[in-house]
Amino acid sequence: MRYLLRRVAVLLLTAWVAVTVNFALPRLMPGDPASNMIARYGGQMSPRAREAIMIDFGLNTHQSLLGQYFSYLGQILTGNLGTSYTFFPASVTSMIRQALPWTLGMVGFATILAFLFGIGLGMVAAWRRGSASWHRESRLDTALVPTGVMLSAMPPFWLAMMLVYFVSYKLGWFPIGGGIKPGLAKSSSAGLIDIARHAVLPAFTLTLIAMGGWILLMRNSMLTVLNDDFVKFARAKGLPNRSIAYRYAARNAILPIFTQFAMALGVVVGGQVFIEIVYSYPGIGYLLLTAVYNQDYPLMQGIFLIFTLTLLLANFLVEMLYVFIDPRIRVEAGK
Amino acid sequence: MSPRALLHNRRAAVGASILVFFALVALLAPLIAPYSPSNMNYTPGLAMSAKHLLGTNSNGQDIFSQLIWGARTSLSVGLLTGTLICLVQLVMGVFSGYVGGKADTALSSVTNVFLVLPTLPLLIVLSAYLRGGSVFVLVGVIAITGWAWGARVLRAQAIALRNRPFVEAARISGESRWHIVLAHIVPNMLGIMVANFFGAALFAVLAEAGLEFIGLGNPSTVTWGTMLYWAQNSEAMLQGMWVWILAPGLCILLLGTSLGLLNFAVDEIANPNLRRD
Amino acid sequence: MKRRIEQGAKSIKPRRALATLVGVVGVAVVLSLALGVTTSARAASAASGGTLNIEMPWGTIADNFNPMVPNGTNAGGTLSCLYEQLFFLNTVTSQIVPVLGTKSAWSKDGLKLTITTRSGVTWSDGKPFSAADVAFTFNYIKQYPAIDLNSIWKGSGLTSVAATGANTVVFTFSKPNTPMFVFIAGVYIIPEHIWSSNTSPNTDTNTKPVGTGPFVLKSFSPTAVIYDKNPNYWMAGKPSINTVVLAAVKSNDTALLDLLAGNIDYTYDAITNPAKTYVAKNPATNKYWWPDTNINFLYFNTTKAPFNDPKLRRAIAFGMNTKLIAQRAYYGGVDASNGGQDAAVTGGQLKAWYPSSLKKLEWSYNVKTAKALLKKAGYKLKGGKLLTPKGKAIPKQQILIGGPGWTDYIVIATMVSQELKALGISSSVVQQPWGSYSTNLPKGNYQLAISWGNGPGPTPYFMDYNDFSKSKIGATGTNWSRFWNPTINKALVTYRGSSDLKVQKTAMATIMQQVMTNAPMVALTGRPNWFDYQTKSFTGFPDATNPYNDAGAPDSPGARLLYLNVHLS
């Protein structure tokens, strides 16, 4: 219990730091977003209208920095992330709410897929290598390592461009872009099938990109475990190979990998941004770029905050899961 | 970890050869490249020929020359960022882990925050604020966003080494903290640091290309990322200008693979559990 | 990611910038009585029905159907499907097409404008439309200056707007200002019975829109808006299509590939090398029409050294290889500018407004002449570097362009930089995001810049007024070169105060002469609208032989005419 409380405290602290960084960033950077905003509004505005809009955007310059900071914190606690410049007068929250489900769905799907495939391949590679000691090299391992390295060195947007051109345009197997055919209801069965059709290529690209890292991580982790005394002991005891591989080694090899979940999720979320653009996918990565191109600072900050909090939460959950799986930590946590 | 161990590792040897190849190309770019990479005065859309080895793009620039000069940028971004990240990790990871106490608590909580900040979005947001600058702005931004994971690993290592007898001995003999870190701790974790360096360089090469591809770099400079940006914007595939889009992509992939292989191989050599013998 | 996102990629139409300027006309222009619906389309024989699929490659759509906010802030279709103006100005033909207004007349003294409104029009909620709605709209804008984006009231001399009958609205001015008709004509008319209780017109998102337009809102999602035919539309038998789907995609490539694959009928995008990448794939159906409606200029900041010297500027004008620039930036899809266009006259207006007496002031690409002019003005070339008459080297200059993704401007700026180098001036290209670019131009925070001309209208007056007025110099102004002089000012006042075409032409010629002598900016290439369409399912699209609209974007008012004219083939 105390362990849990401590983790929650750390979580909150990190969230607070992230929020503060988010507040400070635009204020530390060069440029004047406020006047950019006014300029885009046609420049024909009376001072009164200008003042009103400045307040709308939270660009009220009369407030002290500390005052701004506290009203920012207050706004965030109430779920108010301000007003988007680009989609004025739409709120940042509403824009994010529209885009987030698309990204979460696809990233979630691709992450799980990449994890399963990556772990599986990495495991097999390590096992083969471990049991192939008499002829020094396992072919599978020899092939898988460079493949994993190449996959993680692949520019995601480049791969996506090729797939769109050949698979979607030339072969016509999948839609060229978008998330769903205009007019289809998301909840209808036809809509769901269409959503899936649109998601296949982006998810495939993402899975491929993210898989490389998992293969390599799992392989190395598994090799480490296979070197452990208890595995050697199990072998000496004459336990069947399969049982050693899966019941002991794999389970123990996956554990340390969980701690790298943050990094893995980061890779996926990053690749997502590029992939959404190439596939015209209506998710949050593209929204972030729209914000960036238009210097829409409130939207940019809002999305960044959502990204951060999501990663934070995902890590927290994984950590909790870890505690449940790994008895050693449970014991430690109970102390 | 010795250079000889590296040479005996096949993956390391392949990675190193590719890297050396690109390094030579980058160094000798002015000698190898037949034309100025930015000159737009050639006939656009020429096919491969003796005069233009890889043809010209639709802006009337020589693709081969662009590719050669692009190696220079990509490679220097990769190596420079790798170095910068290593330096940050030295302070935030090794030093922090070694000294412990309050300083460590402070530094490692900073690390923990950066660890959960989503790297690429942060990268995009930062480069949006700092746009219009040179490639070096990108280097700085990538370094700021990419150091945290390695720092955590190094810190754990430093903590493990902290109480080893030889470090204790150095401490008792009154050596300064930085001296101990540099002379006793670092040499014992060089393998991980070198692996980290290649990992960071790989991250930087990909990040630079990505940022340029989405238009957040400076499109008038010639790099592999901007080449892809232009190819994509000029519908290179529909125009059938395959070299324009394939060549820079493959170069990124190759350079990335070489850095990735080195990262992997060094890790393998440094970690007794992964070693074959 | 080229990403036009908002501005548009390689082509970038200045969407936001034009929002304040679109919709312009002068007295000199003949009012077209046709409704902009072509005869072939009017013949009721055309098959009706069908869904017109459109992609707009500039990102997410906001759930906002408020016609009072800048174009692009509201959802696509708000201004082309739902709401209507009094008159539509076709910037390609300079024709004025009646919409909710049918006639307009100025009083002799130019102080009173009377507009007759259409009868038999109903709002989409069934309530009748009348002149009272028009008067309400204008007075509503007066009440809320935040929505007076085109300065209908501010500084225009307009004092009152009143409905004097069911079909008559009278606009009263305190000083003659006949060009104001253009801005009045372009206002989107809103129903009084809905908006009179609305006290926040600039932030309201109007998600249940009620308009007079040919379509009504069927459904909204951030990636697509769908409009259905308005069964009670005032134009009998129109529109012939049942549904318009406006989808937002993230990249020009998606739109182009979908157009090539026949998934969509119409998009707005500057296709690279269109003859090869697009038309050649299926010449029978794949078409584009890119008429010039503006000009791409090289702007000088005429208040800063070294470009405060008109002799230097004119010499540089001779050094610009506009043909090559147009070829590299637009692959033959867009014309190069010539010396005649440099007086801020777009291509279509040259014939009517450009006097042959100015021919001797024209310039054309000739590096020798450029160098000779520089020499004559006292400039010297030393080691490939240009020295001012005082013997000082000209420092490295910056050429400002917008971005990201404005690839045509990157190409233009790079070419300009190469050509300046040939004259001994070194320069670098600086790309700024739209927000900074659009503030730094009016503020004069630049040395050289590439941009479009401001506020082109049916006569050269509009661009001249915006680009060379003293009053338009400033942080939010449109005189980016900061060039003006009393002669120009006087000519502008003369034009405004007169409705005599001959007087107006003389005034314009005076301005052109000033501009050609002083070269505050150099016209480089035309600047078209990027209308791309394919005719597998529908016909009746506008083109060069039947330019019934301005080839505008699907969310611009001109697209309304396209939606009224196209029908199943």
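**Sheet and helices**

Tutor: In chain C, five strands form an open sheet in the order 17-16-18-13-19, with mixed pairing. This is a predicted model: local features need pLDDT of at least 70, side-chain atom pairs count only at pLDDT 80 or more, and totals for chains, interfaces and linings use all residues. Residues are numbered from 1 along each chain as its sequence is written, while chains are lettered from A and ligands numbered from 1 in the order in which they are written.

Student: Which are the edge strands of that sheet?

Tutor: Strand 17 (427–433) and strand 19 (521–528) of chain C; each pairs on one side only. The twist averages 25° from one strand to the next. Strands are DSSP runs of E, at least two residues; helices are runs of H or I, at least four; both are numbered from the N terminus. Two strands pair if DSSP finds at least two bridges between them.

Student: In what sense do strand 16 and strand 18 of chain C pair?

Tutor: Parallel, over two bridges, between residues 397–403 of strand 16 and 448–452 of strand 18 in chain C. Leu400(C) stands opposite Ala449(C) of strand 18.

Student: What lies across strand 16, strand 17 and strand 18 of chain C?

Tutor: Helix 14 of chain C, residues 434–443. Helix 14 runs at about 115° to strand 17 of chain C. Axes are lines fitted to C-alpha atoms, for helices over the stretch in contact, and angles run from 0 to 180 degrees between N-to-C directions.

Student: Switching to strand 1 of chain C. How many of its residues are buried?

Tutor: Five of six, in residues 51–56. Buried means 20 or more other C-beta atoms within 10 Å of the residue's own, with C-beta atoms placed from the backbone; exposed means 12 or fewer, and partly exposed is in between.

Student: And which strands run parallel to strand 1 of chain C?

Tutor: Strand 10 (residues 243–248) of chain C is joined to strand 1 by six bridges. Thr51(C) has Thr243(C) as its bridge partner there. Strand 11 (residues 266–268) of chain C is joined to strand 1 by two bridges. Ile54(C) stands opposite Tyr266(C) in strand 11.

Student: OK, chain B. How many helices and strands?

Tutor: Chain B has 13 helices and zero strands. Its C-alpha atoms fill a box of roughly 70 × 45 × 30 Å along the principal axes. Of its 277 residues, 58% count as buried.

Student: Which residues of helix 12 of chain B meet helix 13?

Tutor: Trp224(B), Met227(B), Leu228(B) and Ala231(B). Their partners in helix 13 of chain B include Trp244(B), Pro248(B) and Ile252(B). Contact means C-beta atoms, placed from the backbone, within 7 Å.

Student: And helix 4 with helix 13 of chain B: what angle?

Tutor: About 30°, with the axes of helix 4 and helix 13 of chain B 11 Å apart. That makes helix 4 of chain B roughly parallel to helix 13 of chain B. Among the residues making the contact are Gly70(B) and Ser74(B) of helix 4, and Ala247(B) and Cys251(B) of helix 13 of chain B.

Student: Where does helix 7 of chain B pack?

Tutor: Its buried residues pack against helix 4 (63–99), helix 6 (119–129) and helix 11 (190–213) of chain B. Among those buried in helix 7 (residues 135–145) of chain B are Leu138(B), Val141(B) and Ile142(B).

Student: Now backbone checks. Which residues does a cis peptide bond join in chain C?

Tutor: One joins Lys238(C) and Pro239(C), with omega about -10°. Pro239(C) sits in the loop between strand 9 (224–229) and strand 10 of chain C. Another joins Ala305(C) and Pro306(C), with omega about 0°. Pro306(C) is in the loop between strand 13 (292–300) and helix 9 (310–318) of chain C.

Student: What is phi of Glu235(B) near?

Tutor: Near 55°, a positive value in a residue other than glycine. Glu235(B) is in the loop between helix 12 and helix 13 of chain B. Glu235(B) is buried, with 24 other C-beta atoms within 10 Å.

How values were computed: Two residues are in contact if their C-beta atoms, placed from the backbone, lie within 7 Å. Angles under 35 degrees count as roughly parallel, over 145 as roughly antiparallel, 65 to 115 as roughly perpendicular and the rest as oblique.
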